[in-house]
Structure formats: C-alpha cells, structure tokens
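Below are my notes, point by point, to read with the structure open beside you.

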Amino acid sequence: MVEGVEARKEKFMKRILLLINCMIQVVGTCGGPLVIRLYYIHGGKRIWLSCFLQTVGFPILLIPLTISYIIRRRNRELVISNDTSKEKIFTMKLPLFLVFSLIGVLQGIDNILYSNGLAWLPVSTSVLIISTQLAFTAIFAFVLVRQKFTPYSVNAVIMLILGAVILALNGSGDRSAGETKKQYVRGFVMTIAAAILYGFILPMVELVYKKAKQPITYSLVLEIQIVLSLFGALFSIIGMSINHDFKAIPIEAKHFKLGETIYYVVLVVTAILWQLSSLGAMGVIFCASSLMSGIVIAMSTPITEVLAVIFYKEKFQAVKGISLVLSLWGFVSYFYGEFKESRKLKKNSIPETIQP
C-alpha cells in the first residue's frame with residue numbers, strides 16, 4: 001500500500017516537472033527567435049555570434065544545480081548521519097560525458113545552420129520551417145528508440161512537410177527589403193537542414209538516457225545540458241575566432257541602431273532564452289520522450305507567429321496562413337492520436353471483472 005502511494009506521488013511529481021519544462025521550453029522557443037531577429041534588424045550581422053548565443057547561457061544552470069546539490073547533501077546527512085563520504089556537485093560519469101560532448105558539437109553545427117537561416121528569413125517563416133523538425137524527430141525516434149507510429153503521427157508528418165514546401169514555393173513575396181531570392185533560398189535550405197539535424201539530436205538524447213548505466217535524475221539532466229552547451233559554445237568560439245567576431249563585436253555595438261547598451265542587453269537576453277529552450281527540451285525528454293519535446297516546439301509555432309506579426313509588423317500572407325493551418329493540423333492530429341493511444345493502453349491495463 002505504501003509503495004503504491006509512493007509510486008503515485010512520484011508519478012504526480014514527474015507530471016508537474018513535465019509541465020514546468022514544457023513551459024520553460026515554450027518561453028525559450030518563442031522568445032529566442034524574436035529577440036535574435038531584433039539583433040539582425042537593427043544592424044547585427046555576426047552569424048557565428050548568433051550561433052554562440054544559443055549555447056553560451058549555460059552558467060545560469062549552475063544556480064539550480066547548486067540548489068539541487070545542497071538538497072541532496074542535506075537529505076544524505078539526514079538518512080546516513082555517520083556517512084563520511086562527500087556528496088559531489090557533478091555526478092556525471094566519463095562515458096556519459098564523452099557521448100554528450102559529441103552531441104554538443106552536433107548541436108553547435110545545428111545552431112550555425114539555424115543562425116544562417118534566421119539571418120535571411122523573417123521570424124514567422126523560419127519558425128514555420130523549423131517546426132518540421134517534428135517530422136524528422138518522429139522518423140529518427142522510430143529508428144533509434146522504436147517509437148510507435150500511428151495513422152495520426154503519419155498524418156502529422158505529412159502536414160508539417162507540406163507546410164514547409166508551400167513556404168518554399170511561394171517565398172518570393174515574403175523576402176525582407178533588399179534580400180535577394182538566392183539569400184532567401186539559402187536561408188530556407190539551412191533552416192530545413194537545422195530541423196533535420198535537431199530532429200536527430202532529440203531521439204539520440206533519449207536513446208542515451210535509456211542506455212545509460214547510471215541513473216538519470218533531473219540533477220543529472222542539468223549537468224548534461226551544461227556539457228551540451230559547453231561543447232556547443234566551444235564549437236562556436238572556433239568559428240568566431242576564424243571570422244574575427246571578437247574584434248568586430250565592440251564596433252558592431254557602437255553602430256547598433258538601438259544603442260550600445262541595448263546591443264549587449266539583446267545578446268544577454270538571447271543567450272538566456274535559448275538556454276531555457278534547450279533545458280526545457282532535455283527536461284521534456286527526461287519526463288516524457290523526444291517526440292513530446294518535438295511536439296512542444298511545433299506547439300510554439302502559432303505563438304511565435306502571432307508575436308512576430310505584432311512586434312515586427314511582418315506580413316502574414318495567405319500562403320503563410322495556409323502553412324500555419326497545415327502545421328496546426330499536423331500538431332492536433334498527433335496530439336489526438338497520442339491521447340487515443342494512452343486511453344487504449346489505460347483501458348487494456350485494467351483487469352477484467354470475473355463474472356459469477
């Protein structure tokens with residue numbers, strides 16, 4: 001009886017944690033593209049700097065990690081009063097460190113692709129295209145973690161891809177002033193490439209979670225996110241050094257249309273928002289699955305669309321509306337399919353009543 005109560009309590013706490021991480025991911029996923037677009041619109045041109053900002057915000061994770069360490073140490077002292085061993089703030093073992101270091105480099109590559117795409121595309125368009133990562137996440141999740149496909153998830157994949165294709169075929173009227181068709185196509189291709197790579201990274205993280213030989217806790221998830229971001233940032237630093245970005249940043253700040261102070265504020269806020277997005281994604285995978293994390297990204301699309309039109313006065317053409325409807329159709333289709341599947345599993349798990 002006690003075990004049943006503890007199991008229900010643990011399940012309830014994990015749902016709360018899932019809800020919190022979904023909210024964190026939505027805030028970061030919506031806010032990141034909006035704020036970095038502000039950088040580009042008002043004079044920012046450093047692509048590698050934009051890539052760097054997507055991972056450099058990891059020091060903020062030291063705050064919750066330290067709090068988690070204090071709680072763990074206090075609980076250990078209460079349970080084992082005579083224990084002389086010290087609780088470690090970092091518990092990740094070498095095999096996990098090496099694997100997530102490699103995934104961090106992949107994330108750095110994904111970031112530079114996305115940064116290039118965002119530099120040439122309006123926010124609303126880039127977000128609609130990146131939402132196709134759900135399709136690629138579903139495919140890679142099926143291959144890597146044996147994610148089950150349903151007619152609803154297949155329909156979601158088709159709808160999301162159609163939405164992106166429509167944008168590509170009708171993108172000439174969506175270009176910013178002074179932007180060539182070649183630049184628009186370049187942005188589109190790089191954003192699609194970023195979606196494919198990120199669609200691979202999410203299931204890969206879930207696979208490592210499942211195959212790890214040490215227990216995965218949320219405290220360890222924070223450590224994993226720090227390692228991912230650290231190596232992603234190191235990858236970006238190499239690109240920034242080759243591109244002489246560190247010398248160009250002070251000059252760019254002086255010529256920023258909104259002022260030098262606002263320039264640095266934009267950089268800091270962008271770094272924090274992107275870090276929230278990544279942390280939320282890792283947390284959702286921990287609490288649910290990589291596919292659920294992809295769904296949250298797709299769910300954020302309509303919110304970012306509306307905010308981009310409001311704050312940046314971007315054109316919301318009919319073709320973009322059709323693409324948005326298809327994306328929403330895909331999301332709702334998948335969500336409905338998952339709901340029906342969970343109801344079916346719950347029904348099957350209830351033992352049949354033996355008739356007298």
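This is a predicted model: local features need pLDDT of at least 70, side-chain atom pairs count only at pLDDT 80 or more; totals for chains, interfaces and linings use all residues.

1. What is the geometry of the pair formed by the rings of Tyr 152 and Tyr 336? The planes stand at 75° and the centres are 5.3 Å apart, so this is an edge-to-face pair.

2. Of the 356 residues in the chain, 49% are buried. If you take contacts between residues at least 6 apart in sequence, 86% of them join residues at least 24 apart. The accessible surface comes to about 18,500 Å², and carbon and sulfur atoms account for 70% of that area.

3. Next, the other aromatic pairs. The structure holds 11 of them. One of these is Phe 100 with Tyr 209, a tilted pair with 6.4 Å centre to centre and 50° between the planes. Phe 100 sits in helix α4 and Tyr 209 in helix α8, so to speak across the chain: the two are 109 residues apart, and the pair links distant parts. Both Phe 100 and Tyr 209 are buried. Elsewhere, ring pairs join Tyr 39, Tyr 40, Phe 256, Tyr 263 and Tyr 264 into a cluster.

4. Tyr 39 and Tyr 263, together with Leu 49, have the most contacts inside the largest nonpolar core, which has 34 residues. The elements that give two or more residues to this core are α1 (2-41), α2 (47-53), α4 (94-120), α8 (181-211), α9 (218-242), α10 (245-254) and α11 (260-287). Helix α11 gives the most, with 7 residues. A second, separate core has 30 residues, among them Ile 201, Leu 228, Ile 285 and Cys 287. As background, nonpolar side chains tend to be buried together in soluble globular proteins.

5. Tyr 39 deserves a look of its own. Which residues does Tyr 39 contact, leaving aside its neighbours within four places in sequence? They are Gly 44, Lys 45, Arg 46, Leu 49, Glu 252, Phe 256, Tyr 263, Val 266 and Leu 267.

6. A search of the whole structure finds 2. In one, the side chains of Arg 46 and Asp 245 meet at 2.7 Å, N to O. Arg 46 is in the loop between α1 and α2, while Asp 245 is in helix α10, so the pair ties together parts that are 199 residues apart in sequence. Are these two residues buried or exposed? Both Arg 46 and Asp 245 are buried.

7. The other salt bridge joins the side chains of Lys 210 and Glu 206, at 3.6 Å, N to O. These residues are 4 apart in helix α8, so about one helical turn separates them. Lys 210 counts as exposed because its relative accessibility is 53%, whereas Glu 206, at 6%, counts as buried.

8. Please also look at Thr 270, in helix α11. Why is Thr 270 classed as buried? Its relative accessible area is 0%, and the cut-off for buried is under 20%. Leaving aside neighbours within four places in sequence, Thr 270 is in contact with Val 35, Ile 36 and Leu 53.

9. Finally, the surface. Ile 139, Phe 142, Val 143, Phe 149, Val 154, Ile 158 and Leu 162 form a nonpolar patch there, with about 570 Å² of accessible area together. Two or more residues of the patch come from each of α6 (133-145) and α7 (151-169). Phe 142 is placed in helix α6 and is partly exposed, with a relative accessible area of 43%.

Note on methods:
Residues are numbered from 1 along each chain as its sequence is written. Side-chain values use heavy atoms; hydrogens and water are left out. Patches are made of residues with over 30% relative accessible area and no salt bridge: like charges are joined within 9 Å, nonpolar side chains (Val, Leu, Ile, Met, Phe, Trp, Tyr) within 5 Å. Accessible areas come from the Shrake-Rupley method with a 1.4 Å probe; for residues, only the protein chains shown count as cover. A salt bridge is a side-chain nitrogen of Lys or Arg within 4 Å of a carboxyl oxygen of Asp or Glu. Buried means under 20% relative accessible area, exposed over 50%, partly exposed in between (1.4 Å probe, protein chains only). A nonpolar core is a set of buried Ala, Val, Leu, Ile, Met, Phe, Trp, Tyr and Cys residues joined through side-chain atoms within 4.5 Å. Contact means heavy atoms within 4.5 Å. Rings of Phe, Tyr and Trp (its six-membered ring) pair if their centres lie within 6.5 Å; planes under 30 degrees apart count as stacked, over 60 as edge-to-face and the rest as tilted.
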